[in-house]
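Subject: Handover of a structure and notes on its helices and pockets

Dear colleague,

Please find below the structure that I am handing over to you. My notes follow it.

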Amino acid sequence: MTDYQTPEWHPAFEQYCETIYGLDEDEVQVIQARIAERLDVSRPAVSEMVRRLAAEGLIKEGRSITLTAKGRALAETVVRRHRLAECFLTQELGLTWAQAHREAGKWEHIISPPVEAAMMKRLNSPTTCPHGNPIPGTNYLAPDLESLASLAVGSSFTVQRIPEALEFADGMLDFLESSELTPGNGGTVTSTSPDGAVCVTMGGSAVAIGAYASERILVSINN
């Protein structure tokens, strides 16, 4: 894979390409308003940066904003290093999900190719971050996934992925980790409500999950 993350790219360019990649991965239409929401910045600031990204050949504008081949390569480099850093920070240093997410946002801009390779080797070549999101450039094979909100009462499931949108929701990573709603852990749906909220049991404990999270948590159904 061509690595477009060279010193010529300012961290802001990397962050915006990463954000566009993440919104697209979450199947959210990539428009300026969505970028502004995810980055918590003003619309004028996004408009100016989008203009600069287009001028650099990193994006194309239409009904949605899309990454060019160059922009996608840059985004994949940043996303890969962010998710790899999260693996390292949680597995090797014992940081919480929330702490690792914040720190990885800094590390993603400074990890060099040799350090990235060494981290991959140290971590035995992970294919996903701690939240189950695929690390670009690895041999990740996606299982069949359903949203937690779509399951019927009594369904047994295994958590597989916590999409990017939930990583940016205040307090969500702490809640999910403390509730053991983490990839690889199994649970059972005990009740649902018309607004999309779901109650489940995880490790013998009851957990109530609001609609915003339950509609986005991706699980596999246990047979």
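Which residues in H4 meet which residues in H6? On the H4 side they are Arg 80, Arg 81, Leu 84, Ala 85 and Phe 88, and on the H6 side Pro 113, Glu 116, Met 119 and Met 120; contact here means heavy atoms within 4.5 Å. By class, this contact of H4 with H6 has 6 nonpolar, no polar and 3 charged residues. Ala, Val, Leu, Ile, Met, Phe, Trp, Tyr, Cys and Pro count as nonpolar, Asp, Glu, Lys and Arg as charged, and the others, Gly among them, as polar.

Before going further, please note that this is a predicted model, in which local features need pLDDT of at least 70 and side-chain atom pairs count only at pLDDT 80 or more, while totals for chains, interfaces and linings use all residues. Residues are numbered from 1 along each chain as its sequence is written, and side-chain values use heavy atoms, with hydrogens and water left out.

Helix packing

Helix H4 spans residues 69-91 and helix H6 residues 113-122; helices (H or I, at least four residues) are DSSP runs, numbered from the N terminus. The axes of H4 and H6 come within 10 Å and cross at roughly 45°. That makes H4 oblique to H6. Axes are lines fitted to C-alpha atoms over the stretch in contact, and angles run from 0 to 180 degrees between N-to-C directions. Angles under 35 degrees count as roughly parallel, over 145 as roughly antiparallel, 65 to 115 as roughly perpendicular and the rest as oblique.

H1 packs against H4 at an angle of about 85°, with the two axes 8 Å apart. That makes H1 roughly perpendicular to H4. Among the residues making this contact are Phe 13, Cys 17 and Tyr 21 of H1 and Leu 74, Val 78 and His 82 of H4. By class, the contact of H1 with H4 has 7 nonpolar, 2 polar and 7 charged residues.

The axes of H1 and helix H3 (residues 43-55) come within 11 Å and cross at roughly 95°. H1 and H3 are therefore roughly perpendicular to each other. Ala 12, Phe 13, Tyr 16, Cys 17 and Ile 20 of H1 make the contact with Ala 45, Val 46, Met 49, Arg 52 and Leu 53 of H3. This contact has 9 nonpolar, no polar and 1 charged residues.

Pockets

The largest pocket has a volume of about 410 Å³. On a 1 Å grid over the protein atoms alone, a pocket is an open set of points where a 1.4 Å probe fits, with protein on both sides within 12 Å along at least five of seven lines, and lining residues have an atom within 4 Å of a point. A volume is the space filled by probe spheres set on the points, which are joined across faces, edges and corners. Of the 17 lining residues, Asp 26, Val 28, Arg 38, Ala 165 and Arg 216 lie nearest the centre of the largest pocket. H2 gives the most to this lining, with 3 residues. The lining divides into 8 nonpolar, no polar and 9 charged residues.

The second largest pocket has a volume of about 320 Å³. Of its 18 lining residues, Gln 15, Glu 18, His 82, Glu 108 and Phe 168 are the closest to its centre. H1 gives the most to this lining, with 5 residues.

With kind regards

Definitions and conventions. Helices (H or I, at least four residues) and strands (E, at least two) are DSSP runs, numbered from the N terminus.
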